[in-house]
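Here's a quick briefing to read with the model open next to you.

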Amino acid sequence: MEKQVGTIYKVAGPLIVATGMRDVQMYDVVRVSEKKLLGEIIELRGDRASIQVYEDTTGIGPGENVYVTGEPLSAELAPGLIEGIFDGIERPLEKIRDVAGSRIPRGIDLPKLDREKKWFFKAVAKVGDKVSGGKVLGEVEETLAVTQKIMVPPTMSGTVEWIYEGEATITETIAKIKTDKGDVVDIAMLQKWPVRRRRPYAEKLVPNEPMITGQRTIDSLFPITKGGVAAIPGPFGSGKTVTQHQIAKWADADIIIYIGCGERGNEMTDVLKEFPTLNDPRTGLSIMKRTVLIANTSDMPVAAREASIYTGITIAEYFRDMGYKVAIIADSTSRWAEALREMSGRLEEMPGEEGYPAYLSTRLAEFYERAGSVKCLGGDRFGAITAIGAVSPPGGDTSEPVSQATLRIVKVFWGLSADLAYKRHFPAIDWLKSYSLYEESAFKYYTEKVNDEWAAHVREVKALLGEEAELQEIVRLIGFDALGEKDRITLECARSIREDFLQQDSFREYDRYTSSAKQADMLSAILNWYHMSLSSLSKGATYKMIMNMSVLEMIAKMKYQPEESWSDFYANLNETLSREFSEIGIGGDIA
C-alpha cells in the first residue's frame with residue numbers, strides 16, 4: 001500500500017531529491033508525483049533521499065509528493081516468464097503495447113505477470129510432508145520445452161497442511177504450510193524476490209561441463225563451461241551482438257535469458273522478430289519456448305538500464321533453483337556502466353577513472369559472481385547460470401575501465417578484432433589474444449565424450465596459428481618466395497584452419513551450427529593433411545604437387561556439409577586423402 005511520505009526538493013533528469021524521507025530505507029521502491037512514476041531510493045542523507053526514477057521525469061517539479069511502497073525493487077517469479085518480453089524493471093512490453101500502443105506511457109502500472117491466466121498445477125508434495133526452502137511442491141508445464149517447478153520460498157520451512165491439484169492462477173493458493181512457529185502460511189505460485197539480493201543455494205560447485213554452442217572457435221579453442229563467466233569485448237562493427245545471438249540460439253542451455261541493455265532499437269527488433277522463427281535443435285520447437293527477453297533499448301530511461309541486469313540475473317537464479325542450466329546474455333555491460341556513470345555524476349559522487357564511479361568493479365563483480373554451478377536448495381537438483389557479457393570499449397581499446405574491471409572477474413575472454421571483421425572473418429574472435437581458463441575441464445570432457453585426440457589437436461592448432469603469425473612477419477619483410485617448402489605448408493595449413501574451420505557463417509543453414517563430433521573430424525582432416533604433407537616433402541614431393549590435390553577443395557567444403565550426411569562425406573574425404581598422397585608416393589596411411 002502506497003503512502004505519502006515526502007516532497008520533491010530537486011529534479012536532475014532521472015535523479016530526484018526528496019525531503020521528509022527519514023522513515024524510508026535504502027532501495028525502497030517509491031512512486032513520484034501524482035503521475036506515480038516508479039523510482040528507487042539509492043542514497044539517504046538525514047531526511048533527504050536521492051531517488052533513481054525509471055521513467056521520464058519531464059514536467060516533474062519541486063513541491064510534488066513522493067509515495068513510498070515499503071518494498072524493494074523485486075522481480076515476480078511464476079509461470080508466465082517464458083516467452084515473455086519485458087523491460088528493465090520487468091514490465092510486460094506486449095501487454096503495454098496492447099493497452100497503450102507503441103510507446104510506454106509514464107506511470108503505467110500493469111501486473112508484471114498475467115494474473116488471469118490459469119495454469120494446471122500438478123502436486124508433487126503430499127499432506128504431512130516436512131518441507132524446507134527450495135523443496136518442490138508441484139509442477140506446471142509452462143511450455144512444451146519448460147516445466148516450472150513450484151518451490152517452497154527459500155526462507156520458509158514447515159509441514160504441508162493442504163495442497164491443491166488442478167487449474168489455478170498464479171495468485172491463488174495452491175498449498176498451505178504450517179511453519180515451525182505454528183503459523184499457517186498460504187503459498188501461491190507467484191513469488192517475489194528483491195533483484196539486488198542473490199537467491200540462496202545449498203552448495204557452490206566447480207563448473208566442469210562445457211556449454212556446447214556449435215560455434216567452432218568457441219567450443220574448440222576457447223570453451224566456456226556451464227556455470228562459467230565470459231566477456232566479449234570488441235569495437236563497433238566487430239560482431240559482438242551477432243556472436244551473442246548465435247550463442248543464445250544454439251547453446252545447449254535449458255533456458256536463455258537475453259538482456260538488451262542499452263541496445264540499439266533495431267538490433268532488439270531483429271531479436272524479437274528472429275527468435276520466434278528459429279527452430280530449437282534441442283526440442284524442434286521455436287527457441288522462444290525456452291527464452292525470456294529483457295529489452296531496455298538506448299532510447300529508454302537510463303536508470304532502468306541499470307536495473308535490467310539485476311532483473312535478468314534474478315530470473316536466471318529462479319530457473320537455476322529448479323535444476324535448469326541457464327545462459328544469461330547481457331548486451332552490453334558497457335552501456336550498463338554508462339548508466340552507472342551518469343547516475344553517479346548526478347549524485348555528485350567522487351569520480352573514478354574516466355568518470356566511472358569508484359564502485360564500478362564491485363558492481364560488475366556482483367553481477368558475474370551470481371553466475372555459477374550449484375547444488376540447489378531442497379533436493380538433489382543441480383543448476384547452473386552461465387553469464388556472458390558484451391563489452392563495447394570506445395575505439396576497441398580494452399585498456400579502458402569497464403574492460404579491465406571485467407577481465408579481472410571473468411575466466412573466458414573472447415576478444416573481437418576489427419581487422420578480422422574488416423576482412424569479413426566472422427566470428428571475429430582473435431585467436432592470438434583470446435583465452436579460456438576452463439580449457440582443461442573442457443579437454444577432459446571432449447576427450448572422454450567426443451574424440452580422444454581432441455586436446456592434442458586443439459593444442460597443435462593453437463601452435464600452428466602462433467607460428468603463422470611469426471611467418472607472416474617474415475613474409476612481410478622478405479616475401480613468400482623466401483620461405484622454405486615446410487614453412488609454406490605450415491602457412492597453408494594455418495590458412496585452412498582460419499578459413500575452413502574458424503570462419504563460420506551465421507546465416508548459412510549448415511554452417512551456423514556444428515556438432516562437437518563434426519568439429520573433431522574437421523580438425524582431424526586438416527591436421528592429417530598437414531602431417532601427410534610434411535611426410536611427403538621429406539620423400540621428395542614438392543609444394544606445388546601437394547597444392548594441386550583435389551582433396552583441398554573437399555576440405556574447404558567440409559563446413560557446408562549437413563550433419564546427417566557428414567559421416568559419408570568424411571569417409572570419402574579420408575579415402576581421397578589417402579589415395580592422393582599414395583599417388584605422390586608416401587603410402588595411404590593417415591597419421
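Ser-403 touches Val-391, Pro-393, Asp-397 and Thr-398, leaving out residues up to four places away in sequence. This is a predicted model, by the way. Ser-403 sits in helix 8, residues 401-407, and with a relative accessibility of 3% it counts as buried.

- Strand 21 covers residues 291-297, and seven of its seven residues are buried, so the rest of the structure largely encloses it.
- In a regular strand, side chains alternate between the two faces of the sheet.
- Here both faces are covered: Thr-291, Leu-293, Ala-295 and Thr-297 are buried on one side, and Val-292, Ile-294 and Asn-296 are buried on the other.
- Strand 20 (residues 255-263) runs parallel to strand 21 and is joined to it by seven bridges, with Tyr-258 opposite Leu-293.
- Strand 8 (residues 85-86) also pairs with strand 21 in the parallel sense, over two bridges, and here Phe-86 stands opposite Ile-294.

**Nonpolar cores**
- The largest nonpolar core has 149 residues, and Leu-137, Ile-257, Phe-319, Trp-414 and Trp-529 have the most contacts inside it.
- Another core lies apart from that one; it has 15 residues, including Ile-16, Ala-18, Ile-41 and Ala-49.
- Beyond its neighbours within four places in sequence, Ile-257 is in contact with Val-292, Ile-294, Gly-312, Ile-315, Ala-316, Val-326, Ala-327, Ile-328 and Ile-329.

- Six strands close into a barrel in the order 1-2-5-4-3-6, with antiparallel pairing.
- From one strand to the next, the twist averages 45 degrees.
- Strand 1 (residues 3-12) and strand 6 (residues 65-72) run antiparallel and are joined by four bridges; in this pair, Gln-4 stands opposite Tyr-67.

**Helix 10**
- Which residues of helix 10 (residues 439-449) are buried? They are Glu-439, Ala-442, Phe-443 and Tyr-446.
- Looking down the axis of helix 10, you'd find the buried residues within an arc of 105 degrees, so they line one face of the helix.
- That buried set packs against helix 2 (216-221), strand 26 (435-436), helix 11 (454-478) and helix 13 (516-538).
- On the face turned away from the buried side, you'll find the exposed residues Lys-444, Glu-448 and Lys-449.

- Asp-331 and Ser-332 are joined by a cis peptide bond, with omega about 0 degrees; Ser-332 is in the loop between strand 22 (325-331) and helix 6 (333-346).
- Another cis peptide bond runs from Phe-426 to Pro-427, with omega near -5 degrees, and Pro-427 lies in the loop between helix 9 (418-422) and strand 26.
- Arg-424, also found in the loop between helix 9 and strand 26, has a positive phi near 65 degrees despite being a residue other than glycine. At 58% relative accessibility, Arg-424 counts as exposed.
- Tyr-27 has a positive phi too, near 70 degrees, and again this is a residue other than glycine. Look for Tyr-27 in the loop between strand 2 (15-19) and strand 3 (28-32), where it is partly exposed with a relative accessible area of 28%.

Key. Residues are numbered from 1 along each chain as its sequence is written. This is a predicted model: local features need pLDDT of at least 70, side-chain atom pairs count only at pLDDT 80 or more; totals for chains, interfaces and linings use all residues. Side-chain values use heavy atoms; hydrogens and water are left out. Buried means under 20% relative accessible area, exposed over 50%, partly exposed in between (1.4 Å probe, protein chains only). The arc is that of the directions from the helix axis to the C-beta atoms. Contact means heavy atoms within 4.5 Å. Two strands pair if DSSP finds at least two bridges between them. A nonpolar core is a set of buried Ala, Val, Leu, Ile, Met, Phe, Trp, Tyr and Cys residues joined through side-chain atoms within 4.5 Å. Axes are lines fitted to C-alpha atoms, for helices over the stretch in contact, and angles run from 0 to 180 degrees between N-to-C directions.
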